[in-house]
Amino acid sequence: MDRPPPKIEVPEGQQQPIATKFGLTYDIPADWLNRATSVAGRTGHSETITYGGVGIYGRDYCPESGASRLAMSGVTGRRGMDTLTAAEDEAQKIERTLTEPDAPDVRFQRSAPVEVEINGRPAIRITLSIAGLPREADCDASKARYDIVATPALATADVMLLVIDNSLGLPESADETVVDEIISTLRPTDQKEGI
């Protein structure tokens, strides 16, 4: 499967499923922006990260800062790796995108990989906490947390990674329980969800 399935329309106020090209689906809250067929990411000094199957919370919350968002979910895949290696590789890649010569104060704290089960499927979860992020404006967050979940893919790649980037320390920041709820919805895509 070269492309993601089409966006799944649901009634307003319901959780929004995002079916991915990896044969797995996850849900975002009703108040998130569903960009299921879009690609998003960031380019750092020495690395680029890109995700598909995107959900966005708090888009443009900081008008003084370019393209601000409070949280984002997205997926990517890996071939030729197991779930543990893929999760660690993604954490390292994120660190490299945020390591800039003009931002020497960025600090990372990475959790040990944890084996979890999500809807009967094995997965590896790593949490990457970041402090000292450079700020373009006073309303930008200086702290963030990335939750990385790697699980065997059912199409396109060996492993699918669900990554949730959450800005911390702002009044409107998403609660950490929202991240756990999103992760808990990860499941094989069923026929009515687009594959």
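A residue is called buried under 20% relative accessible area, exposed over 50%, and partly exposed in between. In this predicted model, Thr-156 has 24% relative accessibility and therefore counts as partly exposed. Thr-156 sits in the loop between strands E9 and E10. Its phi is positive, at about 75°, although the residue is not a glycine. Asn-119 is likewise not a glycine, and has a positive phi of about 50°. This residue is found in the loop that links strand E7 (114-118) and E8. Most residues other than glycine have a negative phi.

A further loop position is Pro-134, between strand E8 (121-131) and strand E9 (143-152). Pro-134 counts as exposed because its relative accessibility is 55%. Its C-alpha atom is separated by 9.6 Å from that of Glu-100, which is 34 residues away along the chain.

Strand E2 presents another picture. Five of the five residues of E2 (residues 24-28) are buried, so the strand is largely enclosed by the rest of the structure. Leu-24, Tyr-26 and Ile-28 point one way from E2. Thr-25 and Asp-27 point the other way. In a regular strand the side chains alternate between the two faces of the sheet.

E2 pairs with strand E1 (residues 16-19) in the antiparallel sense, over four bridges. Within this pairing, Tyr-26 of E2 stands opposite Ile-18. The hairpin of E1 and E2 has four residues between the strands. Gly-23 in this hairpin takes a positive phi near 80°. E2 also pairs with strand E11 (residues 187-188), again in the antiparallel sense, over two bridges. Here Thr-25 has Arg-187 of E11 as its bridge partner.

Tyr-26 also belongs to the largest nonpolar core, which has 30 residues. Tyr-26 is among the residues with the most contacts inside this core, together with Trp-32, Val-149, Met-160, Leu-162, Ile-183 and Leu-186. Two or more core residues come from each of E2, strand E5 (71-78), strand E10 (159-168) and helix H2 (176-184). H2 gives the largest share, four residues. Ile-183 is in contact with Ile-118, Arg-125, Asp-147, Val-149, Leu-162 and Ile-164, leaving aside neighbours within four places in sequence. A second, separate core has 23 residues, including Ile-124, Leu-128, Leu-161 and Val-163.

Definitions and conventions:
Residues are numbered from 1 along each chain as its sequence is written. This is a predicted model: local features need pLDDT of at least 70, side-chain atom pairs count only at pLDDT 80 or more; totals for chains, interfaces and linings use all residues. Side-chain values use heavy atoms; hydrogens and water are left out. Buried means under 20% relative accessible area, exposed over 50%, partly exposed in between (1.4 Å probe, protein chains only). Two strands pair if DSSP finds at least two bridges between them. A nonpolar core is a set of buried Ala, Val, Leu, Ile, Met, Phe, Trp, Tyr and Cys residues joined through side-chain atoms within 4.5 Å. Contact means heavy atoms within 4.5 Å.
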